[in-house]
Amino acid sequence: MKLIIVTGASKGLGLAICKKLLKDGYKVAGISRSQTNDFEALQNQNTDTLFSIEYDFSNTQDIQNLVRQITKEHGSIYGLINNAALGHDGVLGTMHESQIRELISVNVEAPILLTKYASRSMLMKLEGRVINIGSIIATTGFNGLSVYGATKASLSGFTRSLARELGKAKITVNTVAPGYMKTAMTEGLEGKKLESIKRRSPLGQLATVEDVAGTVSYLLSEDAKNITGTTITVDAGSTA
Ligand SMILES: NC(=O)c1ccc[n+]([C@@H]2O[C@H](COP(=O)([O-])OP(=O)(O)OC[C@H]3O[C@@H](n4cnc5c(N)ncnc54)[C@H](OP(=O)(O)O)[C@@H]3O)[C@@H](O)[C@H]2O)c1
């Protein structure tokens with residue numbers, strides 16, 4: 001059974017990805033800062049295949065140990081889904097420096113370090129998949145999301161160059177860029193703003209966490225073995 005690490009597994013998109021990958025027959029190690037009832041319920045249904053690890057990615061010092069621990073307990077890693085992220089918004093001029101640093105640590109430094117250590121298993125087996133969860137905000141603008149946007153754009157650059165580096169070992173690296181989905185991260189947009197995003201999209205709807213989880217599942221599959229270094233946008237056409 002192939003082992004996949006999913007970060008930010010406790011809720012939202014990460015939880016939907018865990019559900020989908022368990023259905024697909026993978027073993028999943030889900031990492032987040034806290035447990036949720038929904039994650040626990042999923043674990044009760046998948047006692048042998050879903051593992052929970054508590055870790056705060058604002059601490060980037062112990063990521064090597066984290067990966068070492070996972071491989072020791074669960075075996076080599078086939079896939080890494082860098083999904084955990086913070087979505088702090090704020091006008092740059094008044095945003096606290098500590099918030100800016102936290103966004104960069106959790107959204108950029110942590111996924112880069114996780115990939116560095118998790119890809120060692122993949123390099124040894126000459127197979128593997130790295131999927132970075134980006135955002136349409138990496139390529140479009142949104143008032144109040146400049147730092148978040150910078151972190152997501154940086155993941156796309158990381159994806160492209162790393163795909164070149166790891167391709168020799170038959171490891172693929174891609175970004176999935178969701179549009180707005182209803183999760184805890186977009187609670188602040190509920191109501192009029194989300195309604196207008198929905199109305200203006202060609203399909204007249206928002207992408208769901210299940211839509212994005214399906215794309216992640218595809219990128220992990222054999223059918224996607226020749227897709228690397230790219231970004232797949234799942235946004236009901238909002239950026240078309
Ligand atoms: N929602 C959207 O509209 C949207 C749009 C485009 C892209 N995205 C991207 O999709 C991904 C998932 O977002 P979401 O909407 O599902 O957000 P969410 O509901 O806020 O979930 C975020 C997940 O990341 C975990 N997390 C946050 N900070 C962490 C930290 N310091 N250490 C460890 N885990 C941490 C959270 O768990 P704990 O709080 O328990 O740690 C949670 O499981 C993110 O990369 C986000 O940027 C979302």
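In this predicted model, the axes of helix α4 (residues 97–125) and helix α5 (residues 146–166) come within 9 Å and cross at roughly 15 degrees. Angles under 35 degrees count as roughly parallel, so α4 is roughly parallel to α5. The crossing of α4 past α5 is right-handed.

Both helices contribute a series of residues to this contact. From α4 come Ile-100, Leu-103, Ile-104, Asn-107, Val-108, Pro-111, Ile-112, Thr-115 and Ser-119. They meet Val-147, Tyr-148, Thr-151, Ser-154, Leu-155, Phe-158, Leu-162 and Leu-166 of α5. By class, the residues of the α4–α5 contact comprise 12 nonpolar and 5 polar. No charged residue takes part in the contact of α4 with α5.

The strands were examined next. An open sheet is formed by 7 strands, with parallel pairing. Their order is β3-β2-β1-β4-β5-β6-β7. Strands β3 (50–54) and β7 (231–234) lie at the edges, and each pairs on one side only. On average, neighbouring strands of the sheet are turned by 20 degrees against each other, direction ignored.

Within the sheet, strand β1 (residues 3–7) runs parallel to strand β4 (residues 77–82). The two are joined by 4 bridges. Ile-5 stands opposite Leu-80 in β4.

Helix α1 (residues 12–24) packs on this sheet. Its contacts are with β1, β2 (27–32), β3, β4 and β5 (128–133). The direction of α1 makes about 170 degrees with that of β2. Angles over 145 degrees count as roughly antiparallel.

Notes:
Residues are numbered from 1 along each chain as its sequence is written. This is a predicted model: local features need pLDDT of at least 70, side-chain atom pairs count only at pLDDT 80 or more; totals for chains, interfaces and linings use all residues. Axes are lines fitted to C-alpha atoms, for helices over the stretch in contact, and angles run from 0 to 180 degrees between N-to-C directions. Angles under 35 degrees count as roughly parallel, over 145 as roughly antiparallel, 65 to 115 as roughly perpendicular and the rest as oblique. A crossing is left-handed if the near helix is turned anticlockwise from the far one by less than a right angle, and right-handed if clockwise. Two residues are in contact if their C-beta atoms, placed from the backbone, lie within 7 Å. Ala, Val, Leu, Ile, Met, Phe, Trp, Tyr, Cys and Pro count as nonpolar, Asp, Glu, Lys and Arg as charged, and the others, Gly among them, as polar. Two strands pair if DSSP finds at least two bridges between them.
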